[in-house]
Amino acid sequence: TVKKDERNSLQAHKMRDESWVIIEGSMEITLNDEIHVGNIGDEFWVPAGTKHRFKGLGESNRLLEISYGEFDENDNNRFEDDYGRA
């Protein structure tokens, strides 16, 4: 769940790919240098090594994230973060 105008870190992973599906609202999706606007049902593939983030555009936004590969919270390489995380 992502509140309107909030976003996650701009980050990349070395050990996993991700598949995203927007299941409610609309979102701004950043994949490397490309910015997309996605709506309910839109799917995005995030290969390992891709800088990525999502931002809520609607009043209520939800995204389903599925990880492929080795999942490890230490595999987050953050480039920007609105919440001060390293």
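I started at a pair of facing residues: leucine 31 sits opposite histidine 52 of S6. A reminder to myself that this is a predicted model.

Next I looked up how the two strands run. S3 (residues 26–31) and S6 are antiparallel, with 5 bridges joining them.

Then I asked myself: is strand S6 buried or exposed? Of its 5 residues (52–56), 4 are buried, so I put S6 down as largely enclosed by the rest of the structure.

S6 came up again when I turned to pockets. The largest pocket has a volume of about 180 Å³. I found 14 residues lining the largest pocket, and Asn8, Gln11, Glu73, Asn76 and Arg78 are the closest to its centre. Which elements give two or more residues to that lining? I noted strand S2 (16–24) and S6. By class, I have 6 charged, 6 polar and 2 nonpolar residues in the lining of the largest pocket.

Last, I went through the backbone angles. Most residues other than glycine have a negative phi, so I wrote down the exceptions I came across.

Aspartate 5 is one of them: it is not a glycine, yet its phi is positive, about 65 degrees. I placed aspartate 5 in the segment before strand S1 (10–12). Its relative accessible area is 51%, and over 50% counts as exposed, so aspartate 5 goes down as exposed.

Asparagine 32 also has a positive phi, near 55 degrees. I found asparagine 32 in the loop between S3 and strand S4 (34–39). With a relative accessible area of 41%, asparagine 32 is partly exposed.

Definitions and conventions. Residues are numbered from 1 along each chain as its sequence is written. This is a predicted model: local features need pLDDT of at least 70, side-chain atom pairs count only at pLDDT 80 or more; totals for chains, interfaces and linings use all residues. Side-chain values use heavy atoms; hydrogens and water are left out. Buried means under 20% relative accessible area, exposed over 50%, partly exposed in between (1.4 Å probe, protein chains only). Two strands pair if DSSP finds at least two bridges between them. On a 1 Å grid over the protein atoms alone, a cavity is a set of points where a 1.4 Å probe fits but cannot get out, and a pocket is an open set with protein on both sides within 12 Å along at least five of seven lines; lining residues have an atom within 4 Å of a point. Grid points are joined across faces, edges and corners, and a volume is the space filled by probe spheres set on the points. Ala, Val, Leu, Ile, Met, Phe, Trp, Tyr, Cys and Pro count as nonpolar, Asp, Glu, Lys and Arg as charged, and the others, Gly among them, as polar.
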